[in-house]
Amino acid sequence: MEASWETSVTDSINTIYLLFSAYLVFMMQLGFAMLCAGSVRAKNAMNIMLTNVVDAVVGSLSYFLFGFAFAFGGDSGSNPFIGTQYFALTNMPSSSYDYSFFLYQWAFAIAVAGITAGSIAERTQFSAYLVFSFFLTGFVYPVVAHWVWSSNGWLNPGSTSLLFGSGAIDFAGSGVVHLVGGIAGLWGAIIEGPRVGRFDAFGKPVQMRGHNATLVVLGTFLLWFGWFGFNPGSFNKILVSYPDSFDQGNWTAVGRTGVTTTLAGSTAGIVTLFGRRLLVGHWDALDVCNGVLGGFVAITSGCSVVDPWAAIVCGFFAACVLISLNIIATKLQYDDPLEAAQLHGGCGAWGLIFTGLFAKEEFVIQTYNSGNLGISRPYGLFLGGGWGLIGSQVMEVIVIVVWVSVTMGPLFYLLHKLRILRISTDEEIAGLDISSHGGYAYNAHSEESGPRMYGDYLRLQDQS
């Protein structure tokens, strides 16, 4: 039957909205690249930028071949654990998904590997990036995405069989994206150990600050911009009206989601600003940038189902979580150059718990039942919604930590045993740019005193 012109126009606008959101999320790769480059020492800038490119290109092929199928390949009676169709986009487009949906989900997938790469920066062999990026994007992440976002996933809040009568609300991926990437990075950093010189002989931390605050701030604002595709874009469709109101629909929820995202990140940034001022005695731009991102990570789960005032609460405690985890990490001699495990893992876990406490029933119904009247769902515990939702949120945190640990932990350990994970001490001291990539990212950087050209590095190696 031929579609009416109204349906065609609606579908076209929804597709344009989804594609534009995909482009915004993909721009976050540029933000990651700038943030990572500024957060490492100058002698490793080219390496970290190249790993961001590799995350995108390797992840693209991996997600095309396997990832999308594992994440969304199923129908109402399919496996709730893992998808089983659409490998290499076979039988696409279908009645359920089209190419624009694939592109949007692909942009999410390649972000996960970028998170993990930050945890093991400045000391990892380039070949190891290729291996873990392919495995993480093509298998580990898609399985979690299937649990939560596929219509038949066992944690999905819209499935026919709801966990604890609720399902887990992880609207844009505090758990699916950020907690997965953070826990993977945690295992990589633990198995590799800290960078040479990060802690002295007495176990006291030695400051290894990033070389370019300008790039960090630029990356933060690019990520902020991209988050408006990450969170509001996760509605997938903007032209969906609510039956109980003639003037409300997804278009109003999209605006509210952008507001909650902004408020959470801004609150986390200001709390981090003053919190770190009390701890270290000065105003630190780099810490504030990470605080802002921590707020964004935390609100990503519940951005569509909480009031703006609750987003401020979310951002406040996200900053507290990040500051506390950084203190603990230093005491345990854990080295994460980008604070990725603390930021994405810790704030991602908090975001899931926060959603279980503050989700508003009206917004939950709008998000997952298109605002249909006569429907009752579990919602935030602190708002009187019972234990169903918070139980599902805790369950998501637990299963993600376990799943990523039993998959990525052994992979990093295997790479370590095969001696293809960490570079040698000499290469690390010289810098990955000169030892692995033929030269530095900059013509000159005064704070480093290593060999200037790749030939100089080789001659030093021969002399040793």
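Tutor: Helices are DSSP runs of H or I with at least four residues and strands are E runs of at least two, numbered from the N terminus. The model is predicted, so local features need pLDDT of at least 70 and side-chain atom pairs pLDDT 80 or more, while totals for chains, interfaces and linings use all residues. Residues are numbered from 1 along each chain as its sequence is written, and side-chain values use heavy atoms, without hydrogens and water.

Student: How much space lies in the largest pocket?

Tutor: The largest pocket holds about 1,200 Å³. On a 1 Å grid over the protein atoms alone, a pocket is an open set of points with protein on both sides within 12 Å along at least five of seven lines; a cavity is a set where a 1.4 Å probe fits but cannot get out; lining residues have an atom within 4 Å of a point. Grid points are joined across faces, edges and corners, and the volume is the space filled by probe spheres set on them.

Student: Which residues lie nearest the centre of the largest pocket?

Tutor: Phe101, Ser234, Phe235, Asn236 and Lys237 do, out of a lining of 40 residues. Two or more lining residues come from each of α1 (5–39), α3 (99–119), α4 (126–149) and α11.

Student: How do the residues of that lining of the largest pocket divide?

Tutor: The lining has 15 nonpolar, 20 polar and five charged residues. Ala, Val, Leu, Ile, Met, Phe, Trp, Tyr, Cys and Pro count as nonpolar, Asp, Glu, Lys and Arg as charged, and the others, including Gly, as polar.

Student: What volume has the second largest pocket?

Tutor: Its volume is about 760 Å³. The lining comprises 30 residues, with Arg198, Gln207, Arg276, Asp287 and Glu339 closest to the centre.

Student: Which element gives the most to the lining of the second largest pocket?

Tutor: Helix α9 gives the most, with five residues. At least two residues each are supplied by α1, α7, α8 (285–299) and α9 (308–331). By class, this lining of the second largest pocket has twelve nonpolar, eight polar and ten charged residues.

Student: Now the cavities. How many of 30 Å³ or more are found in the whole structure?

Tutor: The search finds two. The largest cavity holds about 90 Å³ of space, and the second largest cavity about 60 Å³.

Student: Which residues line the largest cavity?

Tutor: The lining consists of Phe32, Leu35, Cys36, Gly114, Ile115, Gly118, Asn290, Leu293, Leu338, Ala340, Leu343 and His344. Helices α1, α3, α8 and α10 (340–358) each give two or more residues. Eight residues of this lining are nonpolar, four are polar and none is charged.

Student: And which residues line the second largest cavity?

Tutor: Thr272, Arg276, Asp287, Asn290, Leu322, Ile323, Asn326 and Glu339 line the second largest cavity. Two or more residues come from each of α7, α8 and α9, and the largest share, three residues, comes from α9. The classes here are two nonpolar, three polar and three charged. Arg276, Asp287 and Glu339 in this lining are also among the residues closest to the centre of the second largest pocket.

Student: A change of topic. Where is the place of Glu427?

Tutor: Glu427 belongs to helix α13, which spans residues 425–430.

Student: How many residues apart in sequence are Glu427 and Arg123?

Tutor: They are 304 residues apart in sequence, with a C-alpha to C-alpha distance of 8.6 Å in space.

Student: Finally, what follows α11?

Tutor: Ser370 follows α11, and the phi of Ser370 is positive, near 50°.
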